[in-house]
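Colleague: Could we go through this model together? I would like to begin with the pocket.

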Amino acid sequence: MASRSERKQQTRTALLQGALAWVEEGNDFASISIREVAKRAGVVPTSFYRHFTDLDDLALGLVDELSIALRQLMREARHKTRQTDKMIYDSVSIFVDNALANQPMFRFMSQAMCGGSEIVRRAIRNELDYFARELEADIRAMGALSHLSPSTLTMTAQLIINTVAAITVEILDTARDNKSLQTALKKRTVKQIQLILVGSAHWRESSSAPTDELREEKMTTKSS
């Protein structure tokens, strides 16, 4: 017989899965109600509030679930090899394969990134920033792009992470059994990342380059 804590966890999981089932059916997460979530979980609506304060809180729970899984998978991919090209391909493959295997979760993420509440969008941005920081640390550990300033290296890592995140919708539009299209998508994404790295390798910091503030000041002067 399940303990009270186990039953509580089971109900929480059922609520999360109920919301994902709604998304899997082609609905927008933003349109679901607490009553609908509870119905799909097989509990009364008041039970919802024993686990989440509102639908944003439930959405944050989904973000956490996805992030924990992806963090572990990406960490394993990076630690398998220190060869840059293989690390890139393995990381992209893991992301694509995971998105195909967990389409409701990634469809939710795609919806939340472009719409939904600000608090959920911020949570997803925070997770993307986390992956960018992890990637930046790996680049430093490999001794690559050492000529870049800290801010430029950060920007490079963010560009790579955003490039991978941007293919989410395209992945979800790909049939699970269309292996050739999946392979083409992986190769194209890897090439995009390689282009970012090649560009970064040839980037030269210039002390004479105008800062963002100076550019804004010049633009203001021209327009006045």
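Colleague: How do the residues of the lining of the largest pocket divide into nonpolar, polar and charged?

Modeller: The lining holds 24 nonpolar, three polar and three charged residues. Ala, Val, Leu, Ile, Met, Phe, Trp, Tyr, Cys and Pro count as nonpolar, Asp, Glu, Lys and Arg as charged, and the others, Gly among them, as polar. Please note that this is a predicted model, where local features need pLDDT of at least 70, side-chain atom pairs count only at pLDDT 80 or more, and totals for chains, interfaces and linings use all residues. Residues are numbered from 1 along each chain as its sequence is written, and side-chain values use heavy atoms, with hydrogens and water left out.

Colleague: Which element gives the most to that lining?

Modeller: Helix H7 does, with seven residues. Helices here are DSSP runs (H or I, at least four residues), numbered from the N terminus.

Colleague: Changing topic, what does the domain assignment give for the protein chain?

Modeller: It gives domain 1 (11-52) and domain 2 (68-202); such bounds come from an automatic or database domain assignment. Taken over C-alpha atoms, the centres of domain 1 and domain 2 are 29 Å apart.

Colleague: How many residues does the contact take from each?

Modeller: Domain 1 supplies six residues and domain 2 supplies five, where contact means heavy atoms within 4.5 Å.

Colleague: And which residues does UniProt list for "DNA-binding region"?

Modeller: The unreviewed UniProt entry lists residues 33-52, although annotations may be inferred rather than shown by experiment. That span, residues 33-52, is 60% helix and 0% strand, and its end C-alpha atoms lie 13 Å apart.

Notes. Helices (H or I, at least four residues) and strands (E, at least two) are DSSP runs, numbered from the N terminus.
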